[in-house]
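Please read them with the model open.

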Amino acid sequence: VLLLGGIMCTWYVITQLLHHCMGLQTRPLGMVLSVYLLALPFAAVLRDDRRGLKLYMGVFLAAMVVVLILAGLATIDWVPRFIRHKVYFWWSGLIVMIHPSQLACFLLVGIGFALVVLSFTKKLIKKITLFVMAVLLSITLVMTKCQTAMWIMYLLYSAYCFFAISRG
């Protein structure tokens, strides 16, 4: 089931890239990717000992690395020409493929996943990498100018610190 979801998402991305190259209308990736990369693995999680959830977190964190790279390129104004119309600063915040409010929601999920993996990993280098990633995701979330997402991010960090301290 998980492999099928990955194959479907790969097929959809390839067809959308071909449509873009041929000048045809493209459709947003969010709906298809959220169904095949979120709903499908979560449905399969109950029978595969959390491998689906771990796989989804890994894929999502890899996607967040891509978002961080694109946000960094937008910050220094080095966005490649072929995606310049999809990655830029607008009056309401940073746009990386989608509206700033939607991007902020994805960044919140990325921060949450980074904190979850940070809590369970034992290796120091992975902990440092995930901490830096969470900080960079937080900075990118602030650049979206989405006030509600910022408050939820503050609450997320507060809850994480509370549970980390209470756990000992």
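1. From H4, Ala 104, Leu 107, Leu 108, Gly 110, Ile 111, Ala 114, Val 117, Leu 118 and Ser 119 take part. They meet Lys 127, Leu 130, Phe 131, Ala 134, Leu 137, Ser 138, Thr 140 and Leu 141 in H5. Contact means heavy atoms within 4.5 Å.

2. This is a predicted model: local features need pLDDT of at least 70, side-chain atom pairs need 80 or more, and totals for chains, interfaces and linings use all residues. Numbering runs from 1 along each chain as its sequence is written, and side-chain values use heavy atoms, without hydrogens or water.

3. Now the geometry. The axes of H4 (residues 100-120) and H5 (residues 124-143) come within 9 Å and cross at roughly 160°. Axes are lines fitted to C-alpha atoms over the stretch in contact, with angles from 0 to 180 degrees between N-to-C directions. The two helices are therefore roughly antiparallel, a term for angles over 145 degrees.

4. Which residue in the loop between H4 and H5 deserves a look? Thr 121 is found there. Thr 121 is buried, at 13% relative accessible area; the cut-off is under 20%, with a 1.4 Å probe and protein chains only. Thr 121 touches Lys 126, Lys 127 and Leu 130, leaving aside residues up to four places away in sequence.

5. Last, Met 64. With residues up to four places away in sequence not counted, Met 64 touches Phe 106, Leu 107, Gly 110, Met 133 and Leu 137.

Methods: Helix = DSSP H or I, 4+ residues; strand = E, 2+ residues; numbered from the N terminus. Parallel < 35°, antiparallel > 145°, perpendicular 65-115°, else oblique. Buried < 20%, exposed > 50% of the residue type's maximum accessible area, 1.4 Å probe, protein only.
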